[in-house]
Amino acid sequence: MILPLLAILLSVEPGPCRVTPLETVDRVDRDERPSGVPVLCYHHLSDRPRLFGISKWRLRSDLEELYRAGFYLVALDDLENGLIQVPRGKRPLMLHFDDGWPEHLRFLETADGGYALDPDCVLGLLESFCSEHPDFGRGATFFVSWDKVPFGQSGMVEEKLNLLLDMGYEIGNHTYRHSSFAKLAPELWEDAISLALVRFHRNLGLRTCEVRTVAYPGGILPRGTEAEARLSGLSYGGRSSVELGFLVNGEVPSLDRLLGSRNACLRVGRIDMSRYTVGKLLSWNSLMACGWGRSSLHDPLPYRATPLTGSR
Ligand SMILES: [Zn+2]
């Protein structure tokens with residue numbers, strides 16, 4: 001099943017800086033159209049300068065710029081469903097938040113002794129922006145590693161993980177100890193992925209089947225180690241453990257390539273937004289243009305609907 005989704009995300013290098021106009025494209029030959037779906041990766045959210053960090057103001061500013069540029073938030077299911085949810089005049093975008101830091105999802109104690117979502121954490125900011133801009137879509141993937149208490153606040157992990165799924169967000173596997181696969185012996189990759197899934201299972205039960213993507217710690221998957229064959233063979237609970245694998249390499253994945261290559265699905269490019277800006281992203285010519293959405297339910301899908309792998 002991974003094969004179909006694979007075609008979506010195959011990496012396309014951020015091409016030379018020939019600015020692509022953002023006007024709607026109605027008819028373009030399929031072989032010539034760019035199919036890049038940017039996957040933006042964020043880590044810390046902090047108002048103090050921090051490695052891999054950006055401020056709350058910057059995150060809000062990024063969302064505003066992306067919205068104005070015609071992007072629409074999609075999830076893995078949308079890729080598999082042929083971008084059926086993307087409205088006409090919009091183009092797909094994915095947001096990722098890595099590591100499970102406390103500022104990604106935080107509860108605040110209320111006066112009556114209960115708990116409420118911190119409006120200044122990532123989830124609170126996303127919910128606020130998406131409610132104000134319903135034509136932006138809604139969704140993001142939170143990649144969790146188990147080298148610390150995910151999202152902080154021990155005792156609330158189960159509630160937080162289930163809350164994310166309840167609200168329609170996605171959870172990804174960022175491994176058990178956040179060890180880089182570039183430094184870890186390939187024989188230990190299975191433990192890094194599977195032991196994390198055991199932890200997810202303790203908190204999510206059967207919903208662990210929804211954790212089907214991996215973000216490689218450090219953003220690197222070594223070559224020359226039969227990595228694709230090794231990762232493709234991993235399973236948990238009868239399902240593939242890695243339907244998509246994400247790098248951090250500053251590349252925009254191409255949907256066409258992802259749908260056509262299993263290996264491409266295991267090396268999906270992402271952009272570290274502590275090093276890039278939305279303005280820079282918009283200057284790349286590999287991005288899917290606006291206008292692939294359907295005006296009618298009877299119109300054909302812009303991309304064929306296919307599962308990511310054959311394991312589901
Ligand atoms: Zn990480």
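How many of the nine residues of β6 are buried? Nine of the nine are, so strand β6 is largely enclosed by the rest of the structure. A residue is buried if 20 or more other C-beta atoms, placed from the backbone, lie within 10 Å of its own. The strand label comes from DSSP: strands are E runs of at least two residues, helices are H or I runs of at least four, and both are numbered from the N terminus.

This is a predicted model, in which local features need pLDDT of at least 70 and side-chain atom pairs count only at pLDDT 80 or more, while totals for chains, interfaces and linings use all residues. Residues are numbered from 1 along each chain as its sequence is written.

The protein chain has ten helices and 16 strands. Of its 312 residues, 45% count as buried. Two residues are in contact if their C-beta atoms, placed from the backbone, lie within 7 Å. Among contacts in the protein chain with a separation of 6 or more, 75% are between residues 24 or more positions apart.

Strand β6 covers residues 91–99. Its pairings can be followed one by one; two strands pair if DSSP finds at least two bridges between them. Strand β2 (residues 39–42) runs parallel to β6 and is joined to it by four bridges; here V39 has M94 of β6 as its bridge partner.

Strand β9 (residues 141–144) leads on to β10 (residues 170–173). These two strands are parallel and share four bridges, and F142 has I171 of β10 as its partner. Together with helix α5 (residues 157–166), β9 and β10 make a right-handed β-α-β unit. Right-handed means that, with the strands pointing away from the viewer, the path from the first strand over the helix to the second runs clockwise.

In a regular strand the side chains alternate between the two faces of the sheet. Both faces of β9 are covered: T141 and F143 are buried on one side, F142 and V144 on the other.

A nonpolar core is a set of buried Ala, Val, Leu, Ile, Met, Phe, Trp, Tyr and Cys residues joined through C-beta atoms within 7 Å. The largest has 75 residues, and V39, V74, L93 and F142 have the most contacts inside it. Helix α6 (residues 189–204) gives the most to this core, with seven residues. Leaving aside residues up to four places away in sequence, L93 touches V37, P38, L66, F71, Y72, L73 and V74.

Key
A residue is buried if 20 or more other C-beta atoms lie within 10 Å of its own, exposed if 12 or fewer, and partly exposed in between; C-beta atoms are placed from the backbone.
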